[in-house]
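Hello,

Here is the structure I promised to pass on to you. Please have a look at it, and then read on for my notes.

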Amino acid sequence: MSQDYNYDDQGQFFPYFILTLSGLVLVPLTYSTFAPSKQPGLLKTPLLKDNTYKPPNSDLIDGARRRQAKRERRLKRFISIVFGWVLFAYMVYLIATTKNAEGKKIWDPYDILGISTSATEKQIKSHYRKLSLKFHPDKIRPTENQTIEMLNEQFSELTKAYKTLTDEEIRNNYAQYGHPDGKQAFSIGIALPVWIVSEGNSYYVLAVYGLLFGILLPYTVGRWWYGTKKHTKDGVLMESAGSLFRAYDEHIDEKKLVSILTVGEEMKHITGGKREKEWIGSEEAIIERKIREAGVPERELAALQELDGWQRRACGLLWAYLYRVDLGSEKLENAKLDIGPAAVALNRSFHAISLAYSNTQPILASMSLNQSLIQAIPPDHSPLLQLPNFTSEIVAAVEQDGGKNHWTVQRFMATPEEKRRKLCVGKGLLSEKQYEQAIYFAKNLPALSVEDAFFKVMGETYITPSSLVQFVVKCRVIPPGSKAPPVDPKDLLDEDPEETDVEALLGRKSRWSQSKQGEETPTTPFAHAPFYPRDYTPSWQIFLADAKQAKMIVPPQAITGFEKSTDNFAVQTFKMQFQAPPQPGEYTFVMHCVSDSYLGVDTRRSVKLVISDPSKVEKIIEEDDISEPEEDSIAGQMNAMRGGPVKKKKVPKDDDSSEDEESDTDGEQAAEESETDTDTDTDEE
């Protein structure tokens with residue numbers, strides 16, 4: 001079978017070519033753009049659905065949210081998708097309306113002879129004789145639109161169709177290859193539009209090919225490659241991550257970290273960079289004067305004076321954002337609102353760098369600063385500033401100690417209602433409506449309460465050196481002011497998965513899949529952050545640290561959602577796996593459960609890990625395997641005479657009840673041994 005390559009000079013297959021290419025690109029691109037996010041923990045609803053609180057300059061904050069949403073919509077991608085689908089629809093239209101240029105059909109002898117497929121061989125021969133008398137070239141003369149060659153070709157087709165239906169060999173060729181002449185040559189048409197293969201367009205075609213494959217394609221691939229290498233997985237520029245890495249200090253605190261974050265290139269883009277001349281000296285002076293009046297400590301102001309240029313402006317704007325300072329200028333306010341999200345992204349990158357070093361202080365500093373950035377509250381300030389309508393003056397009136405011991409929202413809500421209202425409501429304080437708004441938020445604040453935390457090894461009673469240990473955390477979401485019922489002791493137990501559940505045994509089974517089939521997995525709404533010009537999904541970080549060495553032992557695990565509903569104070573279970581120390585002994589760790597969005601809801605607790613000596617464990621197991629003699633046996637009677645232990649014979653009412661009682665007793669003994677041998681001392685510090 002020969003192959004014949006030719007141009008689609010009529011352009012009939014070009015729409016199919018474009019339709020295929022555009023479909024391969026448009027379908028995944030459209031899906032990735034408009035498909036809902038499947039990331040657990042994301043629910044596109046606010047925390048307070050009925051909240052009417054509007055912070056100062058809320059119109060500017062809403063404007064910053066809209067600008068960010070516009071950037072995230074990826075206008076260029078959206079336009080490309082629309083244009084692509086229009087082209088796709090046009091190609092479908094061309095395919096549906098354009099006829100085959102050559103008018104070719106599938107070769108059909110019955111259609112050529114003009115007879116039915118049910119005709120007999122006798123009817124076929126009779127019909128062919130009539131056609132021969134009518135269309136034989138010697139019997140008819142060509143008309144104006146016909147030639148002798150056309151008449152000969154027409155009669156040849158009639159003869160070929162007749163032989164196909166009457167000659168056995170030719171009929172076999174037609175049945176096997178679809179043509180009376182047997183296997184035909186294979187022709188491949190190159191799908192090009194007519195204008196490309198037309199005479200006189202060769203230079204234009206070469207120019208288009210040069211533009212596409214010589215300039216546009218390398219530029220697109222290069223830009224994509226550079227874009228993937230330009231940013232880290234945390235979403236910051238590689239240059240910014242390098243600057244943060246060089247500025248890392250294991251003794252850093254939240255306030256010093258504020259200055260370090262200004263080294264990021266994102267800060268440079270916001271505060272001038274190449275447009276340095278747009279920032280005049282009076283604007284810089286306004287920023288520094290405003291933050292000085294807001295009460296920024298001299299230590300931070302001194303650190304600000306050590307910076308120059310855009311870093312100094314970025315640091316000033318960041319302190320203005322944290323202190324909620326009104327800069328009195330739309331330009332400065334917009335820059336201040338853009339600084340907050342940029343600082344959160346840079347702080348996330350610094351947090352990743354801190355995890356690599358495993359020093360506890362920088363890790364906790366970055367987590368604590370993230371809370372401050374989301375809530376727009378300076379480090380070491382009162383968590384009560386999270387409450388709507390609360391200002392520094394209101395907080396001072398509530399705490400009444402000059403800021404020495406800041407109140408948490410939990411302490412505020414634990415205060416009797418009458419006293420609490422008296423502290424907040426009055427002349428120069430809050431109105432009744434403002435007070436109710438603050439209480440409404442406090443009653444919905446998702447505070448995570450750790451009910452129990454312990455170590456275990458699946459299927460084992462004792463923890464031995466270098467074994468795979470699970471750190472199990474049992475917790476509940478208890479908003480401040482809520483009266484949670486006592487925890488059911490059964491909810492604090494942790495059952496091992498079945499032996500057939502390989503995914504759970506290996507720790508691969510996601511907690512999101514633990515809900516029953518058909519039930520919707522509860523998720524976490526957006527954080528209530530009225531001063532932060534972005535939508536932010538809160539999470540909690542749980543990790544273990546060594547207090548003596550100030551080192552992280554087990555990396556943080558992020559909690560972005562819950563396996564059960566939080567409305568009924570259900571106990572949630574979270575697990576972390578790590579390898580036990582190689583030596584027996586008692587190891588005391590500190591468990592940190594830190595929120596990344598809210599202040600004053602963190603938990604710190606001491607937990608003790610007991611690593612048993614394998615030889616002693618084997619000896620205990622062997623002793624447990626030696627059963628005591630029965631009371632009515634000879635060995636039992638002799639052991640009783642010596643004063644040794646014997647197993648008293650129970651007289652069950654029936655066989656089933658006996659088996660149940662023995663099973664329950666064994667389960668209780670195993671539970672007692674598990675609770676006794678694995679030390680889970682979790683006294684709060």
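Trp85 is partly exposed, at 33% relative accessibility, where partly exposed lies between buried (under 20% relative accessible area) and exposed (over 50%), using a 1.4 Å probe and protein chains only. Phe88, with a relative accessible area of 23%, is partly exposed too. Helices here are DSSP runs of H or I with at least four residues, strands are runs of E with at least two, and both are numbered from the N terminus.

Before going further, please keep in mind that this is a predicted model, in which local features need pLDDT of at least 70, side-chain atom pairs count only at pLDDT 80 or more, and totals for chains, interfaces and linings use all residues. Residues are numbered from 1 along each chain as its sequence is written, and side-chain values use heavy atoms, with hydrogens and water left out.

Now the rings. The structure holds 14 aromatic pairs. A pair means that rings of Phe, Tyr or Trp (its six-membered ring) have centres within 6.5 Å; planes under 30 degrees apart count as stacked, over 60 as edge-to-face and the rest as tilted.

Tyr248 and Tyr357 make a stacked pair, at 4.2 Å centre to centre and with 10° between the planes. This pair links distant parts of the chain: Tyr248 lies in the loop between helix 10 (238-246) and helix 11, Tyr357 lies in helix 16, and they are 109 residues apart. Tyr248 is buried, with a relative accessible area of 15%, whereas Tyr357 is partly exposed at 33%. Ring pairs also join Phe245, Tyr248, Phe350 and Tyr357 into a cluster.

Elsewhere, Arg420 lies over the face of Phe412, 5.8 Å from the ring centre. For a charge to count as sitting over a ring, NZ of Lys or CZ of Arg must be within 6 Å of the ring centre and within 35 degrees of the ring normal.

Next, helix 15. This helix covers residues 309-322, 14 residues in total, and reaches 21 Å from its first C-alpha to its last, close to the 20 Å expected at 1.5 Å a residue. (The expected span is 1.5 Å times one less than the number of residues.) How many of the residues of helix 15 are buried? The count is 11 of 14, so by the definition of buried the helix is mostly covered. Among the buried ones are Trp310, Arg313, Cys315, Trp319 and Tyr321. Their cover includes helix 13 (281-293), helix 14 (298-305), helix 16 (330-357) and helix 17 (360-375). Just after helix 15, Arg324 takes a positive phi of about 55°.

Ser358 is in the loop between helix 16 and helix 17, and at 19% relative accessibility it counts as buried. Leaving aside neighbours within four places in sequence, Ser358 is in contact (heavy atoms within 4.5 Å) with Ile363, Ala550, Lys551 and Met552.

On to the strands, where pairing requires at least two bridges found by DSSP. Strand 5 (residues 540-546) and strand 8 (residues 585-595) run antiparallel, joined by 6 bridges, and Ala545 stands opposite Val590 in strand 8. Strand 8 also pairs with strand 9 (residues 603-611), in the antiparallel sense over 9 bridges; there, Cys593 stands opposite Thr603.

Thr573 belongs to strand 7 (residues 572-579) and is buried, with a relative accessible area of 15%. Beyond its neighbours within four places in sequence, Thr573 has contacts that include Val472, Lys474, Asp494 and Glu563. The C-alpha atoms of Thr573 and Glu563 are separated by 7.9 Å, with the two residues 10 apart along the chain.

Finally, the whole chain. Its secondary structure comes to 25 helices and 9 strands, and 38% of its 685 residues count as buried.

As for confidence, the mean pLDDT (the predictor's confidence in each residue, from 0 to 100) is 78, and 75% of residues reach 70 or more. Confidence is lowest in helix 25 (residues 655-677), at a mean of 42, and highest in helix 17, at 95. Over residues 653-685 the pLDDT is below 50, and this stretch has 31 contacts in the model beyond near neighbours in sequence.

Best wishes

Definitions and conventions
Expected span 1.5 Å × (residues − 1).
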